[in-house]
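Hi,

Here is the structure I promised to pass on. Have a look at it first, and my notes follow below.

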Amino acid sequence: LASVVSGKYEYPTGLEYDTSSNLLYVTLSTEHSIGVFSQNLQLKEKFSPNVYFPQDIKVTPDEIFVLDFNNPCLHVISKQTRTTIRSIIPRGITLPLETAAFFCLDRQGNIVISDPQNNNIQIYSSTGLLLHTLSQKGHSIGEVYVPSGVYVTHNDDIIVASQNSNYPIQIF
(Lines give C-alpha, C1' and ligand atoms only; values in the text may rest on other atoms or scores of the structure.)
Protein backbone atom coordinates (compact mmCIF):
# COMPACT_ATOMS: atom_id res chain seq x y z
CA LEU A 1 0.00 0.00 0.00
CA ALA A 2 1.63 3.22 -1.18
CA SER A 3 -0.71 5.89 0.21
CA VAL A 4 -3.97 6.28 2.07
CA VAL A 5 -6.40 9.13 2.51
CA SER A 6 -6.72 10.15 6.12
CA GLY A 7 -9.63 12.08 7.54
CA LYS A 8 -13.32 11.48 7.38
CA TYR A 9 -14.80 11.27 3.91
CA GLU A 10 -18.18 9.59 3.97
CA TYR A 11 -19.35 7.62 0.99
CA PRO A 12 -16.84 8.41 -1.75
CA THR A 13 -18.37 6.78 -4.83
CA GLY A 14 -16.71 7.83 -8.07
CA LEU A 15 -13.16 8.71 -8.93
CA GLU A 16 -11.20 9.80 -11.96
CA TYR A 17 -7.49 10.39 -12.36
CA ASP A 18 -6.64 13.39 -14.54
CA THR A 19 -3.36 12.62 -16.29
CA SER A 20 -2.94 16.20 -17.54
CA SER A 21 -2.79 17.60 -14.00
CA ASN A 22 -1.85 14.43 -12.06
CA LEU A 23 -4.83 14.99 -9.77
CA LEU A 24 -7.44 12.54 -8.51
CA TYR A 25 -11.06 13.77 -8.52
CA VAL A 26 -13.37 11.99 -6.05
CA THR A 27 -17.11 12.39 -5.56
CA LEU A 28 -17.84 12.85 -1.86
CA SER A 29 -21.53 12.02 -2.04
CA THR A 30 -22.79 12.75 1.45
CA GLU A 31 -20.75 15.98 1.55
CA HIS A 32 -22.32 17.09 -1.77
CA SER A 33 -18.87 17.94 -3.06
CA ILE A 34 -15.87 16.97 -5.15
CA GLY A 35 -12.49 16.35 -3.55
CA VAL A 36 -9.31 16.94 -5.51
CA PHE A 37 -6.30 14.97 -4.29
CA SER A 38 -2.61 14.97 -5.21
CA GLN A 39 -0.81 11.80 -6.33
CA ASN A 40 0.09 11.02 -2.71
CA LEU A 41 -3.60 11.46 -1.75
CA GLN A 42 -3.30 14.80 0.01
CA LEU A 43 -6.47 16.87 -0.25
CA LYS A 44 -5.68 19.88 -2.47
CA GLU A 45 -9.19 21.27 -2.81
CA LYS A 46 -12.81 20.53 -2.08
CA PHE A 47 -15.57 22.28 -4.00
CA SER A 48 -19.36 22.04 -4.10
CA PRO A 49 -20.63 22.43 -7.66
CA ASN A 50 -24.32 22.58 -6.71
CA VAL A 51 -24.72 18.82 -7.06
CA TYR A 52 -26.97 17.15 -4.51
CA PHE A 53 -25.50 13.64 -4.40
CA PRO A 54 -22.52 13.23 -6.76
CA GLN A 55 -22.33 9.58 -7.78
CA ASP A 56 -19.73 9.29 -10.53
CA ILE A 57 -17.24 11.61 -12.20
CA LYS A 58 -15.27 11.93 -15.45
CA VAL A 59 -12.70 14.58 -16.30
CA THR A 60 -11.77 15.94 -19.74
CA PRO A 61 -9.14 18.59 -20.49
CA ASP A 62 -11.67 21.42 -19.99
CA GLU A 63 -14.67 19.96 -18.16
CA ILE A 64 -15.74 17.82 -15.24
CA PHE A 65 -18.83 15.62 -15.70
CA VAL A 66 -20.69 14.65 -12.53
CA LEU A 67 -23.66 12.28 -12.36
CA ASP A 68 -26.12 13.37 -9.67
CA PHE A 69 -27.62 10.31 -7.98
CA ASN A 70 -30.81 11.96 -6.68
CA ASN A 71 -31.56 14.18 -9.65
CA PRO A 72 -31.95 13.04 -13.25
CA CYS A 73 -28.96 15.08 -14.27
CA LEU A 74 -25.41 15.04 -15.51
CA HIS A 75 -23.69 18.29 -14.54
CA VAL A 76 -20.96 19.69 -16.77
CA ILE A 77 -18.60 21.83 -14.70
CA SER A 78 -15.83 24.14 -15.89
CA LYS A 79 -12.51 22.70 -14.82
CA GLN A 80 -11.09 26.20 -14.53
CA THR A 81 -13.84 28.05 -12.62
CA ARG A 82 -15.47 25.03 -10.86
CA THR A 83 -18.93 26.33 -11.85
CA THR A 84 -21.68 24.48 -13.69
CA ILE A 85 -21.65 25.22 -17.41
CA ARG A 86 -24.74 23.19 -18.25
CA SER A 87 -26.83 20.32 -16.97
CA ILE A 88 -27.81 17.46 -19.22
CA ILE A 89 -31.06 15.72 -18.38
CA PRO A 90 -31.03 12.29 -20.01
CA ARG A 91 -34.50 11.21 -21.09
CA GLY A 92 -35.54 7.76 -19.94
CA ILE A 93 -33.24 7.38 -16.94
CA THR A 94 -35.21 6.67 -13.80
CA LEU A 95 -33.69 8.59 -10.91
CA PRO A 96 -33.31 8.52 -8.00
CA LEU A 97 -31.94 5.03 -8.39
CA GLU A 98 -32.21 2.28 -5.84
CA THR A 99 -28.81 1.06 -6.99
CA ALA A 100 -25.80 2.94 -8.29
CA ALA A 101 -25.55 4.20 -11.86
CA PHE A 102 -22.24 4.88 -13.52
CA PHE A 103 -21.23 6.48 -16.77
CA CYS A 104 -18.37 7.08 -19.16
CA LEU A 105 -17.67 9.16 -22.24
CA ASP A 106 -16.83 7.82 -25.66
CA ARG A 107 -14.36 9.38 -28.13
CA GLN A 108 -17.14 11.42 -29.76
CA GLY A 109 -18.21 12.94 -26.42
CA ASN A 110 -21.34 10.80 -26.14
CA ILE A 111 -22.42 9.78 -22.66
CA VAL A 112 -22.83 6.08 -21.87
CA ILE A 113 -24.88 5.45 -18.71
CA SER A 114 -25.63 2.19 -16.91
CA ASP A 115 -29.28 2.18 -15.84
CA PRO A 116 -29.89 -0.51 -13.20
CA GLN A 117 -33.57 0.42 -12.81
CA ASN A 118 -34.34 -0.29 -16.47
CA ASN A 119 -31.65 -2.98 -16.83
CA ASN A 120 -29.93 -1.49 -19.85
CA ILE A 121 -27.17 0.76 -21.10
CA GLN A 122 -28.20 4.08 -22.62
CA ILE A 123 -26.12 6.22 -24.97
CA TYR A 124 -26.81 9.97 -25.12
CA SER A 125 -25.38 12.79 -27.20
CA SER A 126 -23.44 15.48 -25.36
CA THR A 127 -26.68 17.51 -25.28
CA GLY A 128 -28.73 14.73 -23.65
CA LEU A 129 -30.50 13.29 -26.73
CA LEU A 130 -31.02 9.52 -26.43
CA LEU A 131 -29.14 7.94 -29.34
CA HIS A 132 -29.34 4.24 -28.54
CA THR A 133 -30.28 1.72 -25.87
CA LEU A 134 -28.20 -1.42 -25.48
CA SER A 135 -29.32 -4.73 -24.10
CA GLN A 136 -32.34 -5.82 -22.16
CA LYS A 137 -32.97 -7.44 -18.80
CA GLY A 138 -31.84 -11.02 -18.48
CA HIS A 139 -29.13 -13.55 -17.80
CA SER A 140 -28.26 -14.60 -21.37
CA ILE A 141 -25.57 -13.37 -23.73
CA GLY A 142 -26.31 -9.76 -24.70
CA GLU A 143 -28.55 -9.19 -21.69
CA VAL A 144 -27.79 -7.39 -18.43
CA TYR A 145 -29.24 -7.55 -14.96
CA VAL A 146 -28.70 -4.52 -12.72
CA PRO A 147 -25.77 -3.12 -14.74
CA SER A 148 -23.20 -1.11 -12.84
CA GLY A 149 -19.76 -0.49 -14.27
CA VAL A 150 -19.47 0.68 -17.86
CA TYR A 151 -16.35 1.50 -19.90
CA VAL A 152 -15.75 2.46 -23.53
CA THR A 153 -12.52 1.17 -25.09
CA HIS A 154 -10.38 3.02 -27.62
CA ASN A 155 -12.16 0.90 -30.29
CA ASP A 156 -15.58 2.13 -29.06
CA ASP A 157 -16.48 -1.27 -27.64
CA ILE A 158 -18.63 -0.93 -24.52
CA ILE A 159 -17.70 -3.17 -21.60
CA VAL A 160 -20.48 -3.70 -19.05
CA ALA A 161 -20.39 -5.24 -15.58
CA SER A 162 -23.75 -6.44 -14.27
CA GLN A 163 -25.33 -8.94 -11.94
CA ASN A 164 -26.03 -11.25 -14.89
CA SER A 165 -25.34 -14.57 -13.16
CA ASN A 166 -24.15 -16.30 -16.35
CA TYR A 167 -22.28 -13.48 -18.12
CA PRO A 168 -21.37 -10.79 -15.54
CA ILE A 169 -18.92 -8.94 -17.84
CA GLN A 170 -19.76 -8.46 -21.50
CA ILE A 171 -18.47 -6.47 -24.46
CA PHE A 172 -21.00 -4.84 -26.77
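A quick definition to begin with: contact here means heavy atoms within 4.5 Å. Also, this is a predicted model, where local features need pLDDT of at least 70, side-chain atom pairs count only at pLDDT 80 or more, and totals for chains, interfaces and linings use all residues. Residues are numbered from 1 along each chain as its sequence is written, and side-chain values use heavy atoms, with hydrogens and water left out.

Let's start with Asn-164. Leaving aside neighbours within four places in sequence, Asn-164 is in contact with Gly-138, His-139, Ser-140, Glu-143, Tyr-145 and Gln-170. You'll find Asn-164 in the loop between strand 14 (158–161) and strand 15 (169–171); strands (E, at least two residues) are DSSP runs, numbered from the N terminus. Asn-164 counts as buried because its relative accessibility is 1%, where buried means under 20% relative accessible area, exposed over 50% and partly exposed in between (1.4 Å probe, protein chains only).

Its side chain also has polar contacts, meaning pairs of N or O atoms within 3.5 Å; within protein, one must be able to donate a hydrogen and the other to accept it, and residues adjacent in sequence count only if both atoms are side-chain atoms. The Asn-164 side chain reaches the backbone oxygen of Glu-143 at 2.9 Å, and one of its polar atoms lies 2.8 Å from the backbone nitrogen of Tyr-167.

On to the strands. Strand 5 (residues 54–59) is largely enclosed by the rest of the structure, because six of its six residues are buried. Strand 5 pairs with strand 6 (residues 63–68) in the antiparallel sense over five bridges; two strands pair if DSSP finds at least two bridges between them. A three-residue hairpin connects strand 5 to strand 6, and Pro-54 stands opposite Asp-68 in strand 6.

There is also an open sheet of four strands, in the order 9-10-11-12, with antiparallel pairing. Strand 9 (103–105) and strand 12 (130–134) are its edges, each pairing on one side only. Inside this sheet, five bridges join strand 10 (residues 111–115) to strand 11 (residues 120–124), and Ser-114 has Ile-121 in strand 11 as its bridge partner.

Cheers
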